[in-house]
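Dear colleague,

I am passing on the structure we spoke about, and below it you will find my notes on what turned up when I went through it. Please read them with the structure open beside you.

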Amino acid sequence: NMRRPMLRIRENEIADALTTADIWQIMLREVPPIAAEYFIGGADELTTLKANVLAFQQTMLAPPGAIKHKTLDTTTNIFGQQLSLPFFVSPVGSLRTLWPMADAVASQVAGDFGTAMTLSTLSQTPMEAVADASSGPKWFQLYLCGGVETAKRGIRRARDAGFSALVLTIDTAVSGKRIAHDRMKPMDAVSPIFSGPGKLRRAVHKVKLAPQIAPRTSWLWRHWRDGGMLPFVNVIDEHGSPMPYAGIGEQLAASAVTWSDLPWIKEIWGEQPLIVKGVHCADDALQAEELGATGVIFSNHGGRQLGQAIPSLQIVAEAMPKLRAAQSKLDCAMDGGIRSGLDVLIGLSYGLKAVGLGRVTAGGLGAGGHMGLTRAFELMKEDLLRSMELLGVQNISQIQKQGEKLRRESMLLSTAHLPGFVF
């Protein structure tokens, strides 16, 4: 049972968490830096990673007063699905390094809340287990790792497993430069000591990790029981072997998506929605629509690709009026920088139908699996409902229609009044 605590879970700390930043801090105490850094980091000087958050913090709102609704409705329709909440799980790779079977756990929690799970291609949990874990919608995020034939196998397998939308990521021509992650030499940490070149160097590196692992024996025990560093089991080559964990950067560069890939991907996938993720401008959104996409996810990859890409919220603010002017029929979502229910509302106020949670999901799973992610989602939901009450909006369509009226440019030119960046 995925709900069963494995060893000690920080139950009291999780229950007492009041923000997703609190949950994130629990994750940092629970997961050693060598494993956590993959989820913490961003590209280059972290400019975009921080700007994603700052763009939401700098948004000001003007609530109309004396409005009270008897009921609130948070349902939304996107990518051919009805969601009970206007936020969903964004695709995040390697989640299983945070918690056993983490992708399936995330899928279960998403289903508990009546929302969607997006599974990354770079997952170490079999997609069938992820699909079976949730009663809610399941979407599959696609990279073309291993080439066209391998991708076709993955697409068919996802379709057969019950995934109802295919999310094609287009912003990974190469991997971004994540400096702190590279300095940690994570591949030395996970590679076997007794084989391959540089045995002594790798052995020394593993010994140096002891101080960060020693206080986190619960994580180590769970990780070891779950099989350690597993391969990417949803990328199967022509010999039936899964893609090994090492060498993912080369794989991404060798299999970058271009617009010419959309027709064959759509053909193999079939009639269900095809979504294009990693869109930075209206032109690309309209190009995706022309090639048969149902929707787009505006995203700069959580600030992990180009270190000075504009913040996700700015992408949305620039693109949505252009799509309306072009009479686009696309379903639009975004991810990047969303840390609270108020952030969700601000995203929707531009006309989006839903937003994705990446780091919030990783934080919840790392803090305590099912329990940690449930608490993170509860906090997001409570904050969204409170924000809707305070802004006098009853449902998602009111947020979308009144957005322009509710939002204001900040007159405060400094950032001194804003909370410090946490995650």
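Predicted model: local features only at pLDDT ≥ 70, side-chain atom pairs only at ≥ 80, totals over all residues.

I begin with Gln-124, which sits in the loop that runs between β5 (117-119) and α6 (127-133). Its relative accessibility is 2%, and because buried means under 20%, Gln-124 counts as buried. The side chain of Gln-124 comes to 3.0 Å from the backbone oxygen of Leu-230. Leaving aside residues up to four places away in sequence, the residues that Gln-124 touches include Ser-94, Leu-95, Arg-96, Thr-97 and Asp-103, and also Met-229, Leu-230, Pro-231, Phe-232, Val-233 and Tyr-245.

Next come the aromatic rings, for which the count, taking ring centres within 6.5 Å as a pair, comes to nine aromatic pairs. One of them joins Tyr-38 and Phe-39, whose ring centres are 5.0 Å apart and whose planes stand at 85°, so that the pair is edge-to-face. Within that pair, Phe-39 is buried, with a relative accessible area of 2%. Phe-140 and Phe-163 also form an edge-to-face pair, because their planes lie at 65° with the ring centres 5.8 Å apart. This pair links distant parts of the chain, since Phe-140 belongs to strand β6 (residues 138-142) while Phe-163 lies in the loop between α7 (148-161) and β7 (165-169), 23 residues apart. Phe-140 is buried, with a relative accessible area of 1%, and Phe-163 is likewise buried, with a relative accessible area of 1%. Elsewhere, ring pairs join Phe-79, Phe-88 and Trp-139 into a cluster.

Two arginines are placed over aromatic rings: Arg-339 lies over the face of Phe-423, at 4.4 Å from the ring centre, and Arg-407 lies over the face of Tyr-350, at 3.6 Å from the ring centre.

Finally, the cysteines, which may matter to you when you look through the model. How many disulfides does the count come to? With a disulfide taken as a pair of cysteine sulfur atoms within 2.5 Å, the count comes to zero. Cys-332 is in no disulfide, and the nearest cysteine sulfur, which belongs to Cys-281, is 12 Å away. Cys-332 is buried, with a relative accessible area of 3%, and Cys-145 is buried too, with a relative accessible area of 1%.

Conventions
Residues numbered from 1 in each chain as written. Heavy atoms only, no water. Helix = DSSP H or I, 4+ residues; strand = E, 2+ residues; numbered from the N terminus. Buried < 20%, exposed > 50% of the residue type's maximum accessible area, 1.4 Å probe, protein only. Polar contact = N/O pair within 3.5 Å; in protein donor to acceptor, adjacent residues only side chain to side chain. Contact = heavy atoms within 4.5 Å. Phe/Tyr/Trp six-rings, centres within 6.5 Å; stacked < 30°, edge-to-face > 60°. Lys NZ or Arg CZ within 6 Å of the ring centre and 35° of its normal.
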